[in-house]
Amino acid sequence: MVAADSIEVLERGDEAPDFELTGTDEETYSLADFADNEALLVVFTCNHCPYAQAKFDELNALADEYDDVAVVGISSNDPEEYPDDSFRQMQELVADGTIQYDAYLFDETQEVAAAYGATCTPDPFLFDRRGDRFELVYHGRLDDALNPDDEPTEREMKAHIDSLLAGKGVDEEFQPSRGCSIKWKAGNEPEYWN
């Protein structure tokens, strides 16, 4: 288990790094595909981690509750070492309704996870659309349940989204997410990992 606390690559106000990733529908997605949304929630996640699995329902709920917020899951884990995180398994979880995000994307090269400074699954980044770019307003946990079996008492990310959409911004200190570490391919570990 890793806590994404002391490792910060993106800071509040930084622009979201662009990407071109394949979704479970086999279409290619970039930030431009979400430009009609007021906000963007990018969550580095995976299929097998119990911490990530515990947040499937919350992410599905967020995707369902907001028409003007895109919820995008990105799986960056090494599927050779962790076959449950394969692209095919991603597709199966979408097909059977387990995952209902606006998009579930595969970061095969792991370059996107490194560009965002992702450390664990799940690792959420909330962006506000400002003009033609998305700027980071919050990087941290979805709710206050710290372990997979815990029941949350506060939907923290929902509160941040509500504040953002109401024009109040998000000033809260980043609360680190907890989860399994990103499963880097040998030699792909980013500089901040060491």
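**Aromatic pairs and their surroundings**

Modeller: Phe174 is buried, with a relative accessible area of 18%. Buried here means under 20% relative accessible area, exposed means over 50%, and partly exposed lies in between, using a 1.4 Å probe and protein chains only. The model is predicted, so local features need pLDDT of at least 70 and side-chain atom pairs count only at pLDDT 80 or more, while totals for chains, interfaces and linings use all residues. Residues are numbered from 1 along each chain as its sequence is written, and side-chain values use heavy atoms, with hydrogens and water left out.

A search of the whole structure gives nine aromatic pairs. One of them is Tyr116 with Phe127: the ring centres are 5.9 Å apart and the planes stand at 90°, so this pair is edge-to-face. The rule pairs rings of Phe, Tyr and Trp (its six-membered ring) whose centres lie within 6.5 Å; planes under 30 degrees apart are stacked, over 60 edge-to-face, and the rest tilted. Tyr116 belongs to helix H4 (residues 111-116) and Phe127 to strand S8 (residues 123-130), so the pair ties together parts that are eleven residues apart in sequence. Helices (H or I, at least four residues) and strands (E, at least two) are DSSP runs, numbered from the N terminus. Tyr116 is buried at a relative accessible area of 0%, and Phe127 is also buried, at 0%.

Tyr138 and Phe174 make another edge-to-face pair, because their ring centres are 5.4 Å apart and their planes are at 75°. This pair links distant parts of the chain, 36 residues apart: Tyr138 sits in strand S9 (residues 133-139), Phe174 in the loop between H5 and strand S10 (178-181). Tyr138 is buried at 1% relative accessibility; for Phe174 the value is 18%, still buried.

Ring pairs also join Phe44, Tyr116, Phe125 and Phe127 into a cluster. Thr121 is buried, with 1% relative accessible area. Leaving out residues up to four places away in sequence, the residues that Thr121 touches include Phe44, Cys49, Tyr51, Asn77 and Arg178, where contact means heavy atoms within 4.5 Å.

The peptide bond from Thr121 to Pro122 is cis, with omega near 0°. Most residues other than glycine have a negative phi, and most peptide bonds are trans. Pro122 lies in the loop between strand S7 (120-121) and S8. On the other point, Gln110 has a positive phi of about 70° without being a glycine. Gln110 is in the loop between strand S6 (103-106) and H4, and is buried at 2% relative accessible area.

As for the cysteines, the count of disulfides is zero, a disulfide being a pair of cysteine sulfur atoms within 2.5 Å. Cys49, one of the residues touched by Thr121, is buried at 0% relative accessible area. Cys120 is in no disulfide; its nearest cysteine sulfur belongs to Cys49, 8.1 Å away. Cys120 too is buried, at 0%.
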